[in-house]
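Biologist: I am new to this structure and would like to learn how to read its features one by one. Please show it to me before we start.

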Amino acid sequence: EYQREKWTRFGNEAEKVEVDVIRNQHVLRTRVDKIALRKQVQSLQYSYLEQLSQKAPDFPIPLRAHTVWEGMVVKLSCTVQGCPPPKQQEAQFDTSFSPTWVEEGDSLNLQCAFTSALLPFQQDVSWFRDGKYCKEESSNVDIKTFDDKATITLRAAHKEHEGVYTARLRTWDGIQEHNAYVYVKDASSAVLGGPASPLALQVSDVNKDYVFLTWQPPSADGASPVEGYYVERCDLGQGEWVRCNVHIQKMCHYPVFGLKEGTMYQFRVRAVNKAGAGRPSKATEPILTTDPLEPTRTMGRTITITKDELEGQVKAPFPPTNVHTCEVSDTYVVLSWAEPEPRGREPLTFYVERSLAGKSSWELASLDMEVNSPRFPVFDLVKGRQYCFRVRSINKYGVSDPSEPSALISLGKPQAVPPPPHAVMAIRDTDTSVLLQWRESKDKDDILGYYLYYSEAGTQDWKTVNNKPVTKTRFTVHGLKTRKEYVFRVKSVSRAGNSDYSDESQPIMVKSAIYVPSAPSAIALLLCTGSEMVLGWRAPSCNGGDPVRGYYLDKREKGMKVWREVNIKPVKERQFKVCNLTNGDFYQFRVFAANMVGIGKPSEASEAFLCEKWTMPEPGCPSDLEFREVRNNSLKLLWATPLYEGRSPVTGYLLEVSQGDQSDDWTALNDSPICDTRQTYRFRVSAINEAGVGCASLPTEPVTAETQPGTKNIEVGVDDDGFIFLGYEATDMNDESKFLWNKNYTDPIGADRVRAETKKNRSVLTFTDPSEEDLGLYTVEMSDKPNLSSISVFDFPLAVIALKSGWQIEVSETGSVRLWLQTESLSNAAELRLIFNDREISSTPHRKINFDKAKGLVEILFDQLSPEDKGSYTAQLRDGRAKNQFTLVFVDQSKYFIHLVALNNQGPVLSAALSASPLRIQSTAEGFKLYCSLKYYISFLKTSWHFKEKRIDQEGRARPGSSMQNVWIEILNPTESDKGKYTLEMFDGKETHKRFLDLSEKGVFKKQLAIAEKKRAKVTKGLPDVVAIMEGKSLCLTCFIDGEPAPEIFWLRNDREIVDQNHFTITKEPKCSTITIHNVYMDDSGMYSIYVCNQYGSETVDVTVSVYKHGEQPPTNAVQMDSTSIDTS
């Protein structure tokens, strides 16, 4: 009784607790619903208030008039208001000039376009060449700025105009720049085989009758090396060009003497080789010959008093002073001196005298030449001898005493051409450019720059890259052909001429360097359950040259600034379910794409999605919109069905189109088809069910309805053997491109149905056994250009004679042999051709041929089978446009053929059924082999292997095969997943024979796995994940290796094998391997890998090398290299 009462009290108390729990749950649910409703009302209230407060911009405090003093700093300001706050749309760079090539002497026009009209403060668009401001000169340069574009025009381009052109635009945030290189090509030569024109002609040390010229040698010597130069001058008053030097001047400098005072001159230079004088250089600006000391003789500022007025009493001149050389060459010296002080009022001229060292006699050096300025070039000196010079002043009153003799003067040593650069290295940049780097020689004082040359690998057809010397040791070479291999070489440039060519660089294939992918876009909410959201997004527009390996997501609550990661492991697909969300909260998301280089920039933050369970009756939005077969008047649009169907299944879709890049004017495609071609469109799709139209998908990227150049359709036909094929020829293909065939856009094509062959840039898909299963829609696309290459689609035109029974063999009791096959019923117009060993045959007494068209029966009857009947028999049938062919092969190695011959001689009865032994297993060095022995063999025996009721196709680890005696399949590198039931199916034309073997309990797996794991190539001691090394040091990485037989070893950089033996040193031993990177620099950063392999397996170990500059901090997650090597032991 006590126990019963006790249990009763316990039950009553438990019931009260349960009632309290239910009541509390109801109260809590009510509170949560009120909070969610309050948040929703607040959100609606905020949006409503924001709409009410919207106001057009106005000026509550406008500008007013001011009167200011001259020279004052004035600041004008005004107040503008509006809701949302008004912004002035500033212009940004839009489509602008790219690397440009222009021929010497032709006009050049560069243009920058902007996204909108330039604001007033943006009107002064500045142009620069190699960092120097380009002034508008009426003679040659014309700079214009319009509302939405800016241009610079050179009426005649010369080599001096080559370089990096930069347009600078002011914005609210600072200065924006756009730049590109302009190449000036050599004009046609003045004579056949003549050299190109020199450049950078400069005039210095201008005097009354003397100037000094310097220039740079041309990049192209012509048919023979440049021997020297001719200098020419032009008196602008006469307009005729006159040669200044009789003998060729070898160096790129020359003193011009004997000019008229107060005359305007222009100068130019021609290079000379054995073919003659080449084109002249660009002429200098007009130069006025004048006394450079004349301004120094003016004293005072307000009242002008000249020294001539103060020195009026000076009659006979004083001697000059400070006689010395200002220019010394191996063929001439230029003397310079100071005029006497005081000089006097009368004009001065000079006599120059010289004397051999150690001699007391003096002779006149200027002879009958009149020297008007304190400069005098002397050309007739003897090499190896020393001279002294002195100068006398002359005016109308007489000749002065001689000046003090100069120091001993002799001709200088010949200036040698500079040594060539070395270590020329080409680095991938873009699909049409390569970054070229080289190292300058130790003797670099006289080097003015470098000329670059390129040639397609293996052709030796060298072309000039630049015609203006590059002063740095790196240069980006543009205008190369994609996927072509090039080699490069470099010359040093000095006043003494150009150096020899450097050694050729290693060949490099022009293609874009691998970099991180661009940001994904268009994040959409596909489904929400109240605590989970399924998101979808658009793939990056550029994958960075390597396929996207995965995606990472971040999330944050609305109003929060901190992003939190959603997934640690990368997501392969472009859909992801985000869990553990709070019902009623708003969330924003962003997505990162990652490839082998690293993680790219994040997408823009999505709109704030409300986490609330979807209960609406309409379906959700479709996703993953893609374009296919874009033509001038059509395109294919594909999409994925919505994840949320609503209250009833999806019954159809509504397609909408918007013309233009940003237009929000959407038109239903189902009602009005598009008629305009070559227009830009965007599309979106909505799903429909019984409840109505669901929400629309996010718009697609803009697409222009235009057939891409080189577009080709799929070719369909029948080959010479009667097989139907589909063929496609690519216009632009590289070693990494692959043809991807699909059926109905998404279904893969089974290898048992077709045979795919690729030769150069053409792929052919041949149907080996066509039937109704092959009917469908076929597409082909290129692996590296899916948007451009998926350009053709077909309804497969099946025109095949169906087969009821393949070749059959029957032997009668008398020893006669009957070969026969049967197809579907044929018309009276059907034709039969029988081919025996590549020649057509007909009925003979020994071999009769029957063809019953109504039954579709083909027969070959042999009275007696003999060895002469060995070979292949092919029946080619045609009925209208339908055709097919069937082949049977008899060879003398065939047991079945020999047995038939023997039986024909003996006369017994032979059954056509095959006799096959049970399946057996055999261990091999690489795995195991299943095989079945055949007693008899016929050529049309069809075999197939199955594992766990699933057909085994030929792949990397499964290798099926057959011979006259056996049928087998070899499994390489077996794993635990290879355990199970194996089945061999053999079809002999009438029935299917099967053999089974269950390997679930076989010990062969343990044995083979143990052998493979023991002998597999592996890295026993690997590398750290990240290594940091300071620029300029050497890095050594060592790995220890095991495997039998000894593994092959490969070192890779960014998945490409390292072959450069100058910058990298690789040692390979049976148990270890080392790579040394000498004198690392910033471009050595990247992913390095060691790959080892043998017949039992392979392994790859990666390490990321991060190079940092002196003074910088290494990455926090990296192993900092205080020493220069890593030894993983």
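Biologist: Which backbone nitrogen lies 3.0 Å from a polar atom of the side chain of Asp291?

Modeller: First, a note on the source: this is a predicted model, in which local features need pLDDT of at least 70 and side-chain atom pairs count only at pLDDT 80 or more, while totals for chains, interfaces and linings use all residues. Residues are numbered from 1 along each chain as its sequence is written, and side-chain values use heavy atoms, with hydrogens and water left out. As to your question, the nitrogen belongs to Leu293. A polar contact is a pair of N or O atoms within 3.5 Å; within protein, one must be able to donate a hydrogen and the other to accept it, and residues adjacent in sequence count only if both atoms are side-chain atoms.

Biologist: Where does Asp291 lie, and is Asp291 buried or exposed?

Modeller: Strands (E, at least two residues) and helices (H or I, at least four) are DSSP runs, numbered from the N terminus. Asp291 sits in the loop between strand E19 (287–288) and strand E20 (298–299). For accessibility, buried means under 20% relative accessible area, exposed over 50%, and partly exposed in between (1.4 Å probe, protein chains only). Asp291 counts as buried because its relative accessibility is 6%.

Biologist: Which residues is Asp291 in contact with, leaving aside its neighbours within four places in sequence?

Modeller: Contact means heavy atoms within 4.5 Å. With those neighbours set aside, Asp291 touches Lys208, Glu339 and Arg343.

Biologist: How should I read a salt bridge, and how many salt bridges does the structure hold?

Modeller: Side chains of opposite charge can pair when their charged atoms come close. The rule used here asks for a side-chain nitrogen of Lys or Arg within 4 Å of a carboxyl oxygen of Asp or Glu. The structure holds 32 salt bridges. Asp291 belongs to a network of them, together with Lys208, Glu339 and Arg343.

Biologist: What does Asp130 form a salt bridge with?

Modeller: Its partner is Lys468, and the closest N and O atoms are 3.2 Å apart. This pair links distant parts of the chain, 338 residues apart: Asp130 is in the loop between strand E6 (126–129) and strand E7 (132–133), and Lys468 is in the loop between strand E32 (463–464) and strand E33 (474–477). Asp130 is partly exposed, at 39% relative accessible area, and Lys468 is also partly exposed, at 21%.

Biologist: Which residue forms a salt bridge with Asp554?

Modeller: That residue is Arg590, with the closest N and O atoms 3.2 Å apart. Asp554 lies in strand E39 (residues 550–557) and Arg590 in strand E42 (residues 586–594), so the pair ties together parts 36 residues apart in sequence. Asp554 is buried, with a relative accessible area of 10%.

Biologist: How many disulfides are there?

Modeller: A disulfide is a pair of cysteine sulfur atoms within 2.5 Å. By this rule the count is zero. Among the cysteines, Cys579 is partly exposed, at 34% relative accessible area, whereas Cys932 is buried, at 0%.

Biologist: Where is Phe739 found, and how far is its C-alpha atom from that of Val780?

Modeller: Phe739 is in strand E53 (residues 739–743). The two C-alpha atoms are separated by 6.6 Å, although the residues are 41 apart along the chain. Phe739 counts as buried because its relative accessibility is 12%.
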